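User: I am new to reading models of this kind, and I would like to go through one feature by feature. Could you take me through it slowly?

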Amino acid sequence: PVLGIGGDEIGRDSSTAIRLSQLIELGGKRAARVGAASAAREVAERDLVARRNEILTRLAQTFTDVLAAQRRTELADQNVQLARQVTGAVSKRVQAGKVSPVEETKARLITSSAAIDFEQAQRDLASLRKTLALFWGNATPQFSRATGDLEALIDLPPLDVLTQRIGANPELLRSAKNVSQREALLELEKTRRVPDVTVGAGIRRFHRDSENTLVFDIGIPLPLFDRNQGNLQAAYQRLGKSEDERRSTELRITTDLVQTYEALTASENQIKTLRNEILPGAKSAFAAANKGYQLGKFGFLEVLDAQRTLFQNQALYLQAVAGYQRLVADLERLVAMPLDNDPQNQER
């Protein structure tokens with residue numbers, strides 16, 4: 001309600017009026033406005049869930065990076081020890097006059113390079129530990145070591161099962177709610193084509209006669225040149241755009257799911273090949289080459305080649321398992337649920 005107080009004076013005729021008026025909305029404006037506000041709230045809620053899902057994914061992937069960095073540091077330390085063992089063996093053969101001192105120089109260079117890699121791995125680990133701690137607001141890590149199974153493989157469900165779960169993706173749900181919000185705003189614009197009515201009532205007092213009279217009024221806008229056509233057309237356009245965005249989001253998420261699934265499958269095959277075939281062979285070849293060199297059966301180049309092959313495959317395996325875990329986190333983001341809790345997994 002609106003309270004109005006006014007007065008006028010014409011000659012000796014003066015009066016004072018007190019008036020109370022009320023705008024009456026017609027055409028369902030209030031219901032449409034409440035519906036639009038509710039839709040906006042639901043969009044905000046879905047946006048919150050989507051952002052939380054993204055942060056959890058980043059957290060899981062950063063935790064994976066910390067686990068990988070810890071393992072990388074351990075491997076770098078082992079590589080330094082192996083390089084020192086090789087350098088020691090070469091040094092003994094140089095002292096015995098069996099090989100050139102140049103081979104010892106090369107071995108020491110490899111040891112120095114391994115030590116540099118170890119220091120770099122330590123710096124990377126310290127940086128990732130700080131990044132992980134920042135997720136819960138600590139500028140300095142309060143934990144000594146992250147604990148997790150970096151080499152664990154999941155029982156990957158079929159692709160069609162995961163595709164059916166895309167509907168639970170928070171980003172897709174947010175897009176669908178955005179369409180609902182645009183529909184509600186369109187209905188609101190439609191109601192604004194109907195003019196509202198303002199009614200009022202009050203008392204007017206004439207001071208000369210000391211008389212009071214009741215006054216009533218009603219106001220109805222005449223929308224002769226404005227039927228809200230521009231806002232209505234804009235609402236239609238925004239609705240069409242939101243529907244296109246929803247379809248685009250669904251297509252993008254489906255494409256990301258297929259690509260992530262294929263990458264995860266390929267990564268699993270690579271890990272199994274490295275774990276079961278390549279790494280055992282590389283370790284065996286290095287051990288044989290190192291022992292044979294000490295016995296004078298192999299040259300230093302064979303030892304260097306076996307050592308380089310072992311180091312490279314260890315780094316490749318670590319990169320593969322870390323990438324696999326990051327893909328798992330990304331796949332869980334797309335289906336909005338942990339894959340280990342999937343009923344299909346439990347049945348299988």
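User: Is alanine 336 buried, partly exposed or exposed, and what is its relative accessibility?

Analyst: Before I answer, please keep in mind that this is a predicted model. Relative accessible area is read against cut-offs, buried being under 20% and exposed over 50%. Alanine 336 has 31% relative accessibility, and it therefore counts as partly exposed.

User: Where is the place of alanine 336?

Analyst: Alanine 336 sits in the loop between helix 6 and helix 7, the latter covering 343-347, and its position is just after helix 6.

User: Which residue with a positive phi follows helix 1?

Analyst: Helix 1 is followed by glycine 97, and the phi of glycine 97 is positive, near 75 degrees.

User: How should I read the length of a helix, and what span do helix 1 and helix 6 have?

Analyst: The general idea is to set the distance from the first C-alpha to the last beside the span expected at 1.5 Å a residue. Helix 1, with 67 residues, reaches 97 Å, which is close to the expected 99 Å. Helix 6 runs over residues 300-335, and its 36 residues reach 53 Å, close to the 52 Å expected.

User: At what angle do helix 1 and helix 4 pack, and how far apart are their axes?

Analyst: Helix 1 (residues 29-95) and helix 4 (residues 170-191) have axes 8 Å apart and pack at an angle of about 165 degrees. Angles over 145 degrees count as roughly antiparallel, and that angle makes helix 1 roughly antiparallel to helix 4. Their crossing is left-handed, and the residues of the contact of helix 1 with helix 4 comprise 12 nonpolar, six polar and nine charged ones.

User: How do helix 5 and helix 6 cross?

Analyst: Here the axes of helix 5 and helix 6 come within 7 Å and cross at roughly 160 degrees, and helix 5 and helix 6 are therefore roughly antiparallel to each other. Helix 5 passes helix 6 in a left-handed crossing, and the contact of helix 5 with helix 6 has residues that divide into 27 nonpolar, eight polar and six charged.

User: How many salt bridges does a search of the whole structure find?

Analyst: The general idea is that side chains of opposite charge can pair when their charged atoms come close. A search of the whole structure finds 20 salt bridges, and one of them is formed by the side chains of lysine 177 and glutamate 42, at 3.2 Å from N to O. Since lysine 177 lies in helix 4 and glutamate 42 in helix 1, the pair ties together parts that are 135 residues apart in sequence. Lysine 177 is partly exposed, with a relative accessible area of 25%, and glutamate 42 is partly exposed too, at 29%.

User: What separates glutamate 250 and arginine 246 in helix 5?

Analyst: These two residues form a salt bridge in which the closest N and O atoms are 3.5 Å apart. Glutamate 250 and arginine 246 are four residues apart in helix 5 (residues 229-294), and they are therefore separated by about one helical turn. Glutamate 250 is partly exposed at 35% relative accessible area, while arginine 246 counts as partly exposed at 26%.

User: With which residue does arginine 308 form a salt bridge?

Analyst: Arginine 308 pairs with aspartate 305, and the closest N and O atoms are 3.9 Å apart. Both residues lie in helix 6, three residues apart, about one turn of the helix. Arginine 308 is partly exposed, with a relative accessible area of 43%, and aspartate 305 counts as partly exposed at 45%. Elsewhere, salt bridges that share partners join Asp47, Glu171, Arg174 and Arg252 into one network.

User: Is valine 90 buried or exposed?

Analyst: Valine 90, which lies in helix 1, is buried, with a relative accessible area of 0%. Its C-alpha is separated by 8.5 Å from that of tyrosine 293, although valine 90 and tyrosine 293 are 203 residues apart along the chain.

Key. Residues are numbered from 1 along each chain as its sequence is written. This is a predicted model: local features need pLDDT of at least 70, side-chain atom pairs count only at pLDDT 80 or more; totals for chains, interfaces and linings use all residues. Side-chain values use heavy atoms; hydrogens and water are left out. Helices (H or I, at least four residues) and strands (E, at least two) are DSSP runs, numbered from the N terminus. Axes are lines fitted to C-alpha atoms, for helices over the stretch in contact, and angles run from 0 to 180 degrees between N-to-C directions. Angles under 35 degrees count as roughly parallel, over 145 as roughly antiparallel, 65 to 115 as roughly perpendicular and the rest as oblique. A crossing is left-handed if the near helix is turned anticlockwise from the far one by less than a right angle, and right-handed if clockwise. Ala, Val, Leu, Ile, Met, Phe, Trp, Tyr, Cys and Pro count as nonpolar, Asp, Glu, Lys and Arg as charged, and the others, Gly among them, as polar. A salt bridge is a side-chain nitrogen of Lys or Arg within 4 Å of a carboxyl oxygen of Asp or Glu. Buried means under 20% relative accessible area, exposed over 50%, partly exposed in between (1.4 Å probe, protein chains only).
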